[in-house]
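Subject: Structure handover

Hello,

Here is the structure I said I would pass on. My notes on it follow below the model.

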Amino acid sequence: MWSRLSETGRLALACLAVAVGVSIHDPARAVISALIAAVVFAVFAALIPSTVARQERVAQQAQRPLWPDNATKAVAEAFGHPVYILDPQGNVRYANQLSTQVFSAARVGDPLNFSFRQPEIARLLELSMKNQERAVAMYHERVPADRWFLVSVSPVLSQVTSGQPSWFMVTFIDQSEIKRAEEMRSDFIANASHELRTPLVSLRGFVETLQGPASADPQATKRFLAIMLEQAERMSRLIDDLLSLSRIEMKAHLRPREEVDIRDVINLVQRSLENQAESLGVVVNTDLPSGPAMVRGDRDELVQVFSNLVENACKYGQSGGKVDISVSLLNEQNSSDNSGTRGVGSAGSVEVAVRDYGPGIAAEHLPRLTERFYRVDIADSRQKQGTGLGLAIVKHILARHGTRLNVSSRPGEGATFSVKFPSIELAERG
Ligand code: ADP
């Protein structure tokens, strides 16, 4: 304010001096010179404030550092997410290490908008810079992969620049996992409702038919009741599988501690599926080691895993006429099991393989088989009393056991589903 007054005062004095000088020299022009001096004063006085403001801005910019100091950079590095530090013009002045790993490198010195050519990012920067406050938005990147980030732009205030932001800190927090989990949950609910609704609609239709047109037809009644029972059983299988899944998910973080001999599990599975296999015309063979094949696990869950696999092998591989279940003890050096180590329970792993000789599975289906409700042929699965959840249950149980399912198959040559468990060393058990 003072500087503005002094500038204006100086200008007034100069104008006055010129006017007085002209008047003394030529009194006849006193009035006109006073008028000219007044106009000159008015024009320049109007220009002075903007000139001063520009000078103040230049002085402030001269004070503002061009690059962030080490402490600010250290904060950006410690953040654990991609971070960019921008100057108030939106140019990148620092990019932390994570940002260069997650995104293709943004060039320091270039505007951030050059690297993220997305209107939502440009709008966010503009908003934060204009209002000088934090602005947050969700950013969806489609290329090279579908990723979601919560982007936040925050002004970093500094005493050096008298409360004006020296920097704007842009952080990207990855939300892709949360988004995917949300999508999976809603897909799952939609699929489960659809699977339950189909038999329910059919049941309702038969009830209405029995109440109406077929009420006096004992033969139709008998036939319809059999179909209704089938639909009710389908619903209850689905509910059982859904409950199994949720039970397994609830204890997903707990590693099972029991010691289980896999041979007992396989013998039990073979016995319990004997009738079903026989009715399908399938022979189930086992090839087990002579000694224990111990693994850490939950016996009931392992029975469920191999029941699902053997039942699938019988149902979908029925045309092959046989299913082979083999248990092999593998040690670290020798992954084949032709050695004399069988039955000794040596260090290494226990591999269980269920092989059928049916039509096999085309390669494009293999990575998706363990997804909930994924079926190669929906009608075929339904006709074989499938729920589409069997392999999803297998996958979750195996994850809890620290292992996973391997599937290998070629169309026309059957399929092999195998699992490798780390065996319990005899030494460890004393
Ligand atoms: P479902 O209840 O339909 O059997 P699963 O999750 O157990 O569901 O299996 C998913 C799909 O994988 C099945 O619908 C079937 O298409 C395919 N599948 C599973 N096991 C075999 C197999 N041994 N041979 C061929 N296809 C199989």
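Arg372 sits over the face of Phe188, 4.8 Å from the ring centre. Likewise, Lys322 lies over the face of Tyr357, at 4.6 Å from the ring centre. A charge is taken to sit over a ring if NZ of Lys or CZ of Arg is within 6 Å of the ring centre and within 35 degrees of the ring normal.

On provenance: this is a predicted model, in which local features need pLDDT of at least 70 and side-chain atom pairs count only at pLDDT 80 or more, while totals for chains, interfaces and linings use all residues. Residues are numbered from 1 along each chain as its sequence is written, and side-chain values use heavy atoms, with hydrogens and water left out.

Overall

The chain has 14 helices and 12 strands; these are DSSP runs numbered from the N terminus, helices being H or I of at least four residues and strands E of at least two. Of its 430 residues, 37% count as buried. Buried means under 20% relative accessible area, exposed over 50%, and partly exposed in between, with a 1.4 Å probe and protein chains only. Among contacts between residues at least 6 apart in sequence, 64% join residues at least 24 apart, where contact means heavy atoms within 4.5 Å.

The antiparallel sheet

Angles here run from 0 to 180 degrees between N-to-C directions, and axes are lines fitted to C-alpha atoms, for helices over the stretch in contact.

Strand S3 (residues 135-141) and strand S4 (residues 147-157) run antiparallel and are joined by seven bridges. They form a hairpin with five residues between them, and Tyr139 has Phe149 in S4 as its bridge partner. S4 and S5 are also antiparallel, over nine bridges, with Leu150 opposite Ile173 in S5.

Aromatic pairs

A pair of aromatic rings is described by the distance of the centres and the angle of the planes. Rings of Phe, Tyr and Trp (its six-membered ring) pair if their centres lie within 6.5 Å; planes under 30 degrees apart count as stacked, over 60 as edge-to-face and the rest as tilted. By this rule there are 13 aromatic pairs. One of them, Tyr84 with Phe172, is edge-to-face, with 5.9 Å centre to centre and 85 degrees between the planes. Tyr84 lies in strand S1 (residues 83-86) and Phe172 in strand S5 (residues 165-174), so the pair ties together parts 88 residues apart in sequence. Tyr84 is buried at 0% relative accessibility, and Phe172 is buried with a relative accessible area of 0%. Ring pairs link Tyr84, Phe103, Phe116, Tyr139, Phe149 and Phe172 into a cluster.

The mixed sheet

Another five strands form an open sheet in the order S7-S9-S10-S12-S11, with mixed pairing. Its edge strands are S7 (283-287) and S11 (405-409), each pairing on one side only. S7 and strand S9 (residues 322-330) are parallel over five bridges, and Thr286 has Ile325 in S9 as its bridge partner. Helix H11 (residues 299-316) lies across S7, S9, S10 (349-356), S11 and S12 (415-422), at about 25 degrees to S10.

The buried residues of H13 include Leu391, Ala392, Ile393 and Val394; their cover includes helix H8 (218-250), H11, S11 and S12. Just after H13, Gly402 takes a positive phi of about 75 degrees. Thr403, in the loop between helix H13 (390-400) and S11, is buried, with a relative accessible area of 14%. A polar atom of its side chain lies 2.6 Å from the backbone oxygen of Lys420.

Regards

Conventions: Two strands pair if DSSP finds at least two bridges between them. A polar contact is a pair of N or O atoms within 3.5 Å; within protein, one must be able to donate a hydrogen and the other to accept it, and residues adjacent in sequence count only if both atoms are side-chain atoms.
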